Amino acid sequence: MRQALEGRVALVTGATKGIGRAVAERLLGAEASVAICARTEGEVRGAAARLGERALGIVCDVADPRACARMVDRTVAHFGRLDILVNNAGLGVFKPLAEMSVEEWRLQVDVNLGGVFYCSKAALPHLVASGDGFIVNIASLASRNAFAGGTGYNASKFGLLGLTEAMMLDVRYDGVRVSVVMPGSVDTHFAGREPVPERTWRLHVDDCAAAVAELLSYPKEAHVSRIELRPSRPPRKG
């Protein structure tokens with residue numbers, strides 16, 4: 001993958017920790033330049049400093065379409081181009097429908113689904129200009145499998161899968177590939193969990209980063225549109 005990504009520029013949203021951070025590290029290790037974003041200035045500045053000189057940190061709330069456009073513009077102004085967009089930013093509020101507020105519903109849809117649309121729309125002209133642009137959306141197995149308490153999260157992730165597949169058909173003849181990675185349980189900070197130092201039965205963030213790298217490794221004539229990634233030995237139910 002090193003040769004394929006050397007000199008290319010990627011933008012990874014929600015990349016100060018977890019899957020996004022692992023993806024950014026993987027791309028930097030393959031000699032790409034990477035812009036990362038999150039909503040908190042301190043987190044963004046610290047993460048960019050740790051990632052090194054080919055990393056650019058940008059504060060952005062992906063639920064704000066104007067902020068997404070500014071982020072893409074700043075990335076292109078800094079690096080001169082944009083080749084890859086990884087839409088990773090996401091959140092979940094896990095409550096039954098009766099207990100979920102309108103604000104919590106809107107937050108999940110605005111970030112998990114709206115943010116992907118806003119960032120992709122802003123990035124698309126630059127990805128087309130690249131000649132070999134790529135959008136990778138980080139979804140979830142919850143994009144296909146509903147669960148109790150997942151009203152907002154499932155809705156946003158089901159929508160993300162549909163958005164990804166429609167975008168793929170919209171832009172495939174413009175030289176842009178669109179793919180989705182759908183991980184199951186990952187050991188991250190998501191939903192307030194604290195990752196554990198040792199390997200558990202859950203997926204590791206590096207597994208998800210490897211899936212993104214696999215998608216990007218194919219020549220432009222080949223397109224893997226979806227990767228479903230799950231723990232090989234989850235706990236038995238019952």
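## Basis of the description

Because the model is predicted, local features need pLDDT of at least 70 and side-chain atom pairs count only at pLDDT 80 or more, while totals for chains, interfaces and linings use all residues. Residues are numbered from 1 along each chain as its sequence is written, and side-chain values use heavy atoms, with hydrogens and water left out.

## The chain as a whole

The chain has 7 helices and 7 strands, where helices (H or I, at least four residues) and strands (E, at least two) are DSSP runs numbered from the N terminus. From the N terminus on, these elements run α-β-α-β-α-β-α-β-α-β-α-β-α-β.

For 238 residues, a compact globule would have a radius of gyration near 18 Å, and the 17 Å of this chain agrees with that; the radius is taken over C-alpha atoms, and the globule rule is 2.2 Å times the number of residues to the power 0.38. Of the 238 residues, 47% count as buried, a term that means under 20% relative accessible area, whereas exposed means over 50% and partly exposed lies in between (1.4 Å probe, protein chains only).

Strand 1 (residues 9-13) is largely enclosed by the rest of the structure, because 5 of its 5 residues are buried. Both of its faces are covered, with Val9, Leu11 and Thr13 buried on one side and Ala10 and Val12 on the other. In a regular strand the side chains alternate between the two faces of the sheet.

Strand 1 runs parallel to strand 2 (residues 33-38), to which 5 bridges join it, and Thr13 stands opposite Cys37 in strand 2. From strand 1 the chain crosses through helix 2 (residues 18-29) to strand 2 in a right-handed β-α-β crossover, that is, with the strands pointing away from the viewer, the path from the first strand over the helix to the second runs clockwise. Strand 1 also pairs in the parallel sense with strand 4 (residues 84-87) over 3 bridges, where Val12 stands opposite Val86; two strands pair if DSSP finds at least two bridges between them.

## Helix 3

In helix 3 (residues 41-51), the buried residues are Val44, Ala47, Ala48 and Leu51. They cover an arc of only 100° around the axis, which puts them on the same side of helix 3; the arc is that of the directions from the helix axis to the C-beta atoms.

These buried residues pack against helix 2, strand 2 and strand 3 (55-59), with contact meaning heavy atoms within 4.5 Å. The face turned away from the buried side carries the exposed residues Arg45, Ala49 and Arg50. Helix 3 is followed by Gly52, whose phi is positive, near 110°.
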